[in-house]
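I set out to record what can be looked up in this structure. The entries follow in the order in which I checked each topic.

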Amino acid sequence: MPNRSNPNTPTKFKRKTAGVLKSKRKHTQQLAMVSKRNKVGKPAVPRTSQALRQSAPLSRKKARKLEKKEGHMRRRKELEKYLEADVEMKDLDGKAAKKKDPEETEKATQEMEVD
């Protein structure tokens with residue numbers, strides 16, 4: 001019966017081919033980098049598929065999604081304006097509420113405490 005090695009371990013042949021493939025990959029990447037540097041840029045002309053997509057009418061589903069996004073954006077802006085606004089609290093009488101001193105609040109809490 002012939003002796004068989006473990007097939008799950010890397011063999012010398014596999015290591016050699018992996019090294020060769022790795023060096024080839026590095027070489028092609030270097031060539032691509034050099035060619036990118038030497039290329040002249042294309043004019044900014046949109047692709048035909050992109051131009052068609054932009055000029056095509058929106059589907060109902062896409063239109064609804066955009067409306068929802070716009071609504072959320074409006075709500076966020078309103079919330080930001082509300083948070084940034086300087087709000088003054090008023091009583092029911094319409095008078096501005098006075099700020100209480102911390103000493104008065106402490107006295108009131110001590111009076112309220114029940115033994």
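**Confidence of the model**

I began with the confidence scores, as the model is predicted. The protein chain has an average pLDDT of 76, and 63% of the residues score at least 70. I then asked which element has the lowest mean pLDDT and which the highest. Helix 2, residues 48-55, is lowest with a mean of 59, whereas helix 3 is highest with 91.

**Fold and exposure**

I looked up the secondary structure next. The protein chain contains four helices and zero strands. Read from the N terminus, the order of the elements is α-α-α-α.

I then turned to burial and surface area. The chain has 115 residues, of which 1% count as buried.

**Salt bridge**

How many salt bridges does the structure hold? I found one. Arginine 74 is paired with glutamate 70, and their closest N and O atoms are 4.0 Å apart. I located both residues in helix 3, where they are four residues apart, about one turn of the helix.

Arginine 74 counts as exposed because its relative accessibility is 51%, and the cut-off for exposed is over 50%. Glutamate 70 has a relative accessible area of 40%, so this residue is partly exposed, between the limits of 20% and 50%.

**Positive patch**

I listed the members of the positive surface patch: Arg60, Lys61, Lys62, Arg64, Lys65, Lys68 and Lys69. Lysine 61 lies in helix 3, which covers residues 60-84. Is lysine 61 buried or exposed? Lysine 61 has a relative accessible area of 53% and is therefore exposed.

**Nonpolar patch**

Which residues form the nonpolar patch on the surface? I noted Leu79, Tyr82 and Leu83, with about 370 Å² of accessible area together. Leucine 79 is placed in helix 3.

**Summary entry**

Helix 3 has the highest mean pLDDT among the elements of the chain.

Technical notes. Residues numbered from 1 in each chain as written. Predicted model: local features only at pLDDT ≥ 70, side-chain atom pairs only at ≥ 80, totals over all residues. Heavy atoms only, no water. Patch = residues over 30% accessible without salt bridge, like charges linked within 9 Å, V, L, I, M, F, W, Y side chains within 5 Å. Areas by Shrake-Rupley, 256 points an atom, 1.4 Å probe, with all protein chains shown as cover. Salt bridge = Lys/Arg side-chain N within 4 Å of Asp/Glu carboxyl O. Lys, Arg positive; Asp, Glu negative; His and termini not counted. Charge placed at Lys NZ, Arg CZ, Asp CG, Glu CD. Helix = DSSP H or I, 4+ residues; strand = E, 2+ residues; numbered from the N terminus. Buried < 20%, exposed > 50% of the residue type's maximum accessible area, 1.4 Å probe, protein only. pLDDT = per-residue confidence, 0-100.
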